[in-house]
Amino acid sequence: MRLRLAGPALAFALVATACSSETRGGSTVRDLPGPSQEIEEPYSLVTSVREAGQGLVVVVDGLDGDVSSVNFASGERNPVGRQGSGPGEYRAPGAVFRVHGDTIWVLDAAQQRITTFLPDLSAGIPFRMPLFDAESMTASMAPFHTDDAGLVYSNALPVSGGQGMQIPDSVEVVRFDPRADGERAVLAKLRFPTSGTPEMHVEGTVIKYKMEFPGLVTADSWAVFPDGRLAIVHGADYSVEFVSANGERSAAHPIAYERISVSPADQDAEMAEARRQLAEQTKAAQRTLPAGVSIEIDMPPPETWPSEYPAISPLQAFAAPDGMLWVRRAVPVRLDRERWDVIDPNGMLVARWQLPMRTKLVGVGAGVAYTVRLDDDDLQHLQRVQLGG
């Protein structure tokens with residue numbers, strides 16, 4: 001499971017650089033073009049990237065707990081807001097959104113609110129966004145998305161009373177207005193990446209979570225376009241459907257893909273990488289908890305492994321302003337190269353990109369992709385990659 005939880009864009013006329021390519025599942029996998037710019041000052045863990053106005057990009061570092069703006073033209077990186085609980089402040093910044101009027105929202109899970117920034121990135125007025133809905137008895141959980149109107153979309157996890165909670169293998173995708181008390185609209189119910197019988201319970205001030213490694217289970221992905229259109233990627237048959245803002249559903253469009261066997265060596269490699277990421281992400285998750293509360297996560301290997309890799313990595317999709325959908329493929333971690341499919345508004349595969357080694361896709365914008373390159377100390381250097389004219 002890629003534990004990163006974590007609105008991309010790509011012009012229809014994708015331009016490939018002919019570095020190297022190979023045929024996979026009937027489609028050509030092409031190397032992503034090299035970066036046009038890279039920011040020298042590194043990040044610890046980039047968890048969210050969003051293009052803002054004035055040619056800036058807003059970036060959240062989930063490990064350091066800060067938000068910054070980046071100007072790739074000048075190479076400058078400047079802080080946006082600061083730690084605290086007042087306007088323009090946050091304690092555990094998570095996802096960053098761009099809504100109507102170039103306003104920037106930062107989800108602060110620790111304080112259950114949205115910290116707002118005006119188009120010039122000065123502090124706006126924050127507002128509460130409770131992550132628990134008493135009427136439906138559900139808790140909002142990642143991934144989080146917004147549309148231009150400022151409606152929020154999230155997974156909704158059923159919560160029962162008492163100290164224990166089981167994680168279901170399917171969850172609802174809901175839409176709600178965080179600035180109002182209206183009910184949450186259920187848009188879809190999708191397969192969630194779980195394995196075995198996940199459990200969560202509280203012992204004093206310690207939240208204990210146990211789940212078998214679910215990285216190679218078949219699950220779904222989803223993302224939301226600025227106009228409120230929902231894209232659903234079904235992992236079972238790798239098909240894509242779209243749900244309009246008024247609820248009209250398109251036909252499911254199948255996407256061809258290569259089937260990859262899972263070897264014993266792959267099993268060992270996947271567990272090692274998952275545990276490395278788990279240690280990293282647990283530190284980031286700790287920032288979202290109240291003072292004095294801690295979290296412990298146990299992730300044993302699954303009782304049985306699948307014979308093949310699933311088609312997609314769950315919960316990893318980006319929806320672009322021009323209607324393009326980026327979907328991360330599930331490939332062996334031993335390759336150390338992410339692969340992403342790009343699907344157009346008609347559900348047709350238009351590009352299949354392979355990233356350089358030790359490089360991760362963290363977002364896309366208008367004709368560009370944003371990646372991070374990991375250096376020898378695993379620090380992340382944000383890059384801008386030009387994709388097309």
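Guide: The account below starts with the whole chain and then turns to the nonpolar core and a pair of loops.

This is a predicted model, in which local features need pLDDT of at least 70 and side-chain atom pairs count only at pLDDT 80 or more, while totals for chains, interfaces and linings use all residues. Residues are numbered from 1 along each chain as its sequence is written, and side-chain values use heavy atoms, with hydrogens and water left out.

The protein has 1 helix and 33 strands; these are DSSP runs numbered from the N terminus, helices being H or I of at least four residues and strands E of at least two. Its radius of gyration is 20 Å, close to the 21 Å that the globule rule gives for 389 residues, so the protein is as compact as a globular protein of that length. That radius is taken over C-alpha atoms, and the rule is 2.2 Å times the number of residues to the power 0.38. Of the 389 residues, 53% are buried, where buried means under 20% relative accessible area with a 1.4 Å probe, protein chains only.

A nonpolar core is a set of buried Ala, Val, Leu, Ile, Met, Phe, Trp, Tyr and Cys residues joined through side-chain atoms within 4.5 Å. The largest one has 16 residues, and Val233, Tyr238, Val240, Leu325, Val327 and Ile343 touch the most other members. At least two residues of this core come from each of β23 (230-234), β24 (239-243), β27 (312-319) and β28 (325-329). The largest share, 3 residues, is that of β27. In soluble globular proteins, nonpolar side chains tend to be buried together.

Ile343 illustrates the packing. Leaving aside neighbours within four places in sequence, Ile343 is in contact (heavy atoms within 4.5 Å) with residues including Tyr238, Val240, Leu325 and Val327. The list also contains Ile255, Gly323, Met324, Met348, Leu349 and Val350.

Val217 is found in the loop between β21 (206-210) and β22 (221-224), and Thr194 lies in the loop between β19 (185-191) and β20 (199-203). Val217 counts as buried because its relative accessibility is 16%; Thr194, at 6%, also counts as buried. Not counting residues up to four places away in sequence, Val217 touches Pro193, Thr194, Ser195 and Pro310. Thr194 in turn touches Val217, and among its other partners are Ile167, Pro168 and Met211.

Methods
Buried means under 20% relative accessible area, exposed over 50%, partly exposed in between (1.4 Å probe, protein chains only).
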